Amino acid sequence: RADETAIGYFFQPVRVSLTGGGTNHYKVRTRSTALFGQGTYRLTDDLRLIGGLRYTHDQISANVDITPIPGIIPLNITVPATGKVEHDNISGRVGFQYDFAPDVMAYASYATGYKGPSVNVIQGQARSLKPETSESYELGLKSSLLDRRVILNTALYWSTYKDFQAQTYDTTLTFPTLILANAGELRSRGVEVELTGKVTSNLTVSANGAFSEATYRDFTSTCYPGEPISAQVGVGCYVDPRTGAQVANMAGRRLPNSPKWTYSIGANYSRPVGNGLEFDLNANWGWRGAVFNRAGDPTTKTPDYGLLGMSAGIGDEDGRWRVGVYGRNLLDTLFVSPVHSVADPGGFNRFISNEAFRTVGVSLDVRY
């Protein structure tokens, strides 16, 4: 396969009003150049070698300055501030695919990954963020069974991330807030299963589930508000003997917003009703386990919840148009994502998405 070169350029000026300081002017420029290729080599009739390689070069720069409000001094913010970072990376993938049968294929692969560096531009400061790299192992099976009426796919994976770009609550800022920071190491491992079955020519059912364990292995961050202070250095929230600051050893804590268990089930029924029209009916249920919105902080827990959805419609058999009704979160399950308040570290902001309310509507789809 032919190699390709991709170049991207991004420019976004932002004006933000800063109470007591003036108007912030942010400028961020990103340039990414990549050269990549992938190929497959057949070793035998049933065994294939797959491989790929990618070279990436990233350049990111950012600067911020403040137009002060006359007579008001910015709050402990030094401006102007400029940050610049540049990085090269070579990542790749190698693996094998083996056909046990015409419709049953197993695979194993090893891959390295890369997420480019960045510059945090916040509260009049520009801070460089190191690139994130990963090593991943995956073992899986893809199959079509019973004359292709059943599709079963499964995968096991184990990934380790270095300098993982994690969100953390920085209390050293003038106004403590969530920012991106580098965690030394993160490990993610789990299993995924997908199943689709054609019960009749009109009815299809599906189910999928996943277990995922994503935990920090090496990360020192700020303690969450109210976290008990440990007398032992390096355990939980403790006082750093070098700086005197309270810091937290995050090793072993789950990644925020990362449920251990998720699953979904669904059914879709469709049939012609004459005059070139087709009726369809769909029902689905999705469930996710409890998560912490900040690593290790029990006060930011979102409990497990499930959402029920349904839709029905009628349209052209060729799919050129369709009109229907739909309902999302039909059980009106309310869920929130609590995070500590910036203005009141002992309080909370509770973020509620549109999905946390029952929604019923009418849709019209047209293809041309």
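Predicted model: local features only at pLDDT ≥ 70, side-chain atom pairs only at ≥ 80, totals over all residues.
Visitor: What about the largest nonpolar core: how many residues are in it?
Guide: It has 13 residues. Those touching the most other members are Phe-164, Ala-166, Ala-183, Tyr-216, Phe-219, Met-250 and Leu-255.

Visitor: Which strands each supply at least two residues of this core?
Guide: Strands β9, β10 (177-198) and β11 (203-218) do. As background, nonpolar side chains in soluble globular proteins tend to be buried together.

Visitor: Staying with β9, where is Thr-160 placed?
Guide: Thr-160 sits in strand β9, which covers residues 150-170.

Visitor: Buried or exposed?
Guide: Thr-160 counts as buried because its relative accessibility is 18%, and the cut-off for buried is under 20%.

Visitor: And what is Thr-160 in contact with, leaving aside neighbours within four places in sequence?
Guide: Thr-133, Ser-134 and Glu-135 are among its contacts. Glu-185, Leu-186 and Arg-187 are also in contact with Thr-160.

Visitor: New topic. What is the strand order in the open sheet of three strands?
Guide: The order is β12-β14-β13, and the pairing is antiparallel. The edge strands are β12 (220-222) and β13 (237-239), each pairing on one side only. From one strand to the next, the twist averages 45°.

Visitor: How many bridges join β13 to β14?
Guide: Three bridges join them, and the two strands run antiparallel. β14 spans residues 246-249.

Visitor: Which residue in β14 is the bridge partner of Tyr-238?
Guide: Val-247 is the bridge partner of Tyr-238.

Visitor: On to backbone angles. What is phi at Leu-146?
Guide: Leu-146 has a positive phi of about 50°, although it is not a glycine. Most residues other than glycine have a negative phi.

Visitor: Where does Leu-146 lie?
Guide: Leu-146 is in the loop between β8 (132-145) and β9. Leu-146 counts as exposed because its relative accessibility is 64%, and exposed means over 50%.

Visitor: And what is phi at Asn-329?
Guide: Phi of Asn-329 is near 50°, a positive value in a residue other than glycine. Asn-329 is found in the loop between β20 (321-328) and β21 (337-340).

Visitor: Is Asn-329 buried or exposed?
Guide: Asn-329 is buried, with a relative accessible area of 4%.

How values were computed. Residues numbered from 1 in each chain as written. Heavy atoms only, no water. Pairing = 2+ DSSP bridges. Helix = DSSP H or I, 4+ residues; strand = E, 2+ residues; numbered from the N terminus. Axes fitted to C-alpha atoms, helices over the stretch in contact; angles between N-to-C directions. Buried < 20%, exposed > 50% of the residue type's maximum accessible area, 1.4 Å probe, protein only. Contact = heavy atoms within 4.5 Å. Core = buried A, V, L, I, M, F, W, Y, C linked by side-chain atoms within 4.5 Å.
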